[in-house]
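Have it open while you read.

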Amino acid sequence: MRVTVKQLPLYLALFAIGGGAGLWGSRYLTGDRGSFLNASPFNQTPSQVANPTQAPATGNPDLANRDPNSNFIAEAVERVGPAVVRIDAARKVATDVPEAFRNPLFRRFFGEGLPEPTERTERGTGSGFILSEDGRLITNAHVVADAQTVTVTLKDGRTFQGQVVGADPVTDVAAIKIRAFGLPIVPMGNSKELVPGQWAIAIGNPLGLDNTVTAGIISATGRSSSQVGAPDKRVQFIQTDAAINPGNSGGPLLNDRGEVIGINTAIRVDAQGLSFAIPIETARRISDQLFNKGRADHPYLGIQMVDLTPTIRQEINERSNTNLQITQDQGVLIVRVMGSSPAKQAGLQQGDIVVKIDGTSIATSADVQGKVEASEIGNILELEINRKGKPQTVKVRLGKLSNSENG
């Protein structure tokens with residue numbers, strides 16, 4: 001049976017690198033920015049609301065005695081700012097000679113007049129933050145991609161040559177080491193309990209403007225990579241309306257206590273009023289692997305998927321030129337099984353509908369992706385599927401994601 005991309009132009013996600021991608025469906029946010037400036041931090045009661053100069057009722061003793069001329073945003077930035085760095089990366093790029101000019105006839109008639117290959121230097125600026133006093137830093141992988149030299153500048157003006165220990169394009173996380181000791185470090189927070197409406201503070205160097213601070217709220221959590229327009233990533237993104245522009249990439253996203261809850265990433269250059277961050281738990285898990293072994297390994301399932309809805313079910317049944325007929329409106333439909341993948345070896349087929357994994361109900365392809373990413377290479381996942389209206393159980397031993405499979 002075969003369902004082509006042309007038949008499902010609006011619904012099929014790109015290759016889901018072993019986890020899965022749901023419907024691509026970003027939406028721009030609009031609204032009165034002034035409304036949140038007078039809103040309460042997430043843990044205040046209405047009677048406590050006045051303006052951001054009031055301390056959020058976090059129970060943190062460090063915030064009990066505040067300077068009345070300060071506010072919780074300024075204090076959060078003061079706490080974390082010294083550990084936020086600017087990262088300048090440079091790489092050599094060769095400009096090749098057009099193929100036509102390589103023809104021996106051109107050489108014969110024009111000789112030395114033909115153009116020669118040239119080399120130019122590309123430079124980029126991003127942000128990062130310090131994890132340890134002995135010089136371990138974290139940033140986005142795209143900030144240092146293919147860089148020959150990396151310069152790290154601290155807020156106090158000191159500069160260091162940085163070594164890229166490892167970079168993981170699958171999660172867009174990179175680890176950098178500098179030779180220094182006694183450095184300021186960022187306090188770590190928890191992104192797992194975030195809810196929309198909580199405060200968000202971003203620090204970085206957008207557009208080359210050092211030590212810039214923006215603030216907003218958490219707009220949403222658990223945004224899948226396909227939803228934010230980055231289907232090649234394996235991240236459940238935090239969405240915020242705190243401005244994150246090129247140059248902010250790799251900097252910290254903070255909560256109102258000045259704790260890092262994510263890494264800012266400017267992955268949507270067309271975004272207006274919405275930005276995204278990688279949860280700090282994902283970033284720490286990947287950076288630990290990068291510092292320990294120079295790479296990050298990811299478990300791999302090997303399927304393409306689409307989230308079922310009544311509309312998609314109807315679309316598939318009406319347009320399919322095969323015998324594939326979908327009879328349910330929920331679950332995750334497998335539209336392709338990659339060759340030689342763990343899914344293929346376990347017997348999963350195109351048209352199977354994933355209903356549960358390890359006893360947990362599955363509603364979206366992001367749920368599948370999360371289950372895969374939370375497992376380890378070699379682990380066995382038990383998938384409950386619906387195949388042509390009949391329930392079945394398939395056990396899949398997860399493999400290791402390779403660069404070609406991520407392509």
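1. Ground rules. This is a predicted model, so to speak of a local feature I want pLDDT of at least 70, and side-chain atom pairs count only at pLDDT 80 or more, while totals for chains, interfaces and linings use all residues. Residues are numbered from 1 along each chain as its sequence is written, and side-chain values use heavy atoms, with hydrogens and water left out.

2. Confidence. The chain's average pLDDT (the predictor's confidence in each residue, from 0 to 100) is 79, and 73% of the residues reach at least 70. Please be careful with residues 1-61: pLDDT stays under 50 there, although the model has 154 contacts (heavy atoms within 4.5 Å) beyond four places in sequence for that stretch.

3. Salt bridges overall. Taking a salt bridge as a side-chain nitrogen of Lys or Arg within 4 Å of a carboxyl oxygen of Asp or Glu, the count is 14. Among them is a network that links Lys293, Arg295, Asp297 and Lys400.

4. Glu373 and Arg234. This pair forms a salt bridge at 2.5 Å, N to O. Glu373 sits in helix α7 (residues 365-373) and Arg234 in the loop between β9 (212-223) and β10 (237-240), so the bridge ties together parts 139 residues apart in sequence. Helices (H or I, at least four residues) and strands (E, at least two) are DSSP runs, numbered from the N terminus. Both partners are buried (under 20% relative accessible area; exposed is over 50%, partly exposed in between; 1.4 Å probe, protein chains only): Glu373 has 12% and Arg234 has 3%.

5. Arg313 and Asp329. Here the N to O distance in the salt bridge is 2.3 Å. Arg313 belongs to helix α5 (residues 310-319) and Asp329 to the loop between α5 and β16 (332-337), so the parts being tied together are 16 residues apart in sequence. Arg313 is partly exposed at 25%, and Asp329 is partly exposed at 30%.

6. Arg257 and Glu259. The closest N and O atoms of this salt bridge are 3.4 Å apart. Arg257 is partly exposed at 23%, whereas Glu259 is buried at 18%.

7. Val337. Val337 is buried, with 15% relative accessible area. Its C-alpha is 6.3 Å from that of Gln349, 12 residues away in sequence.
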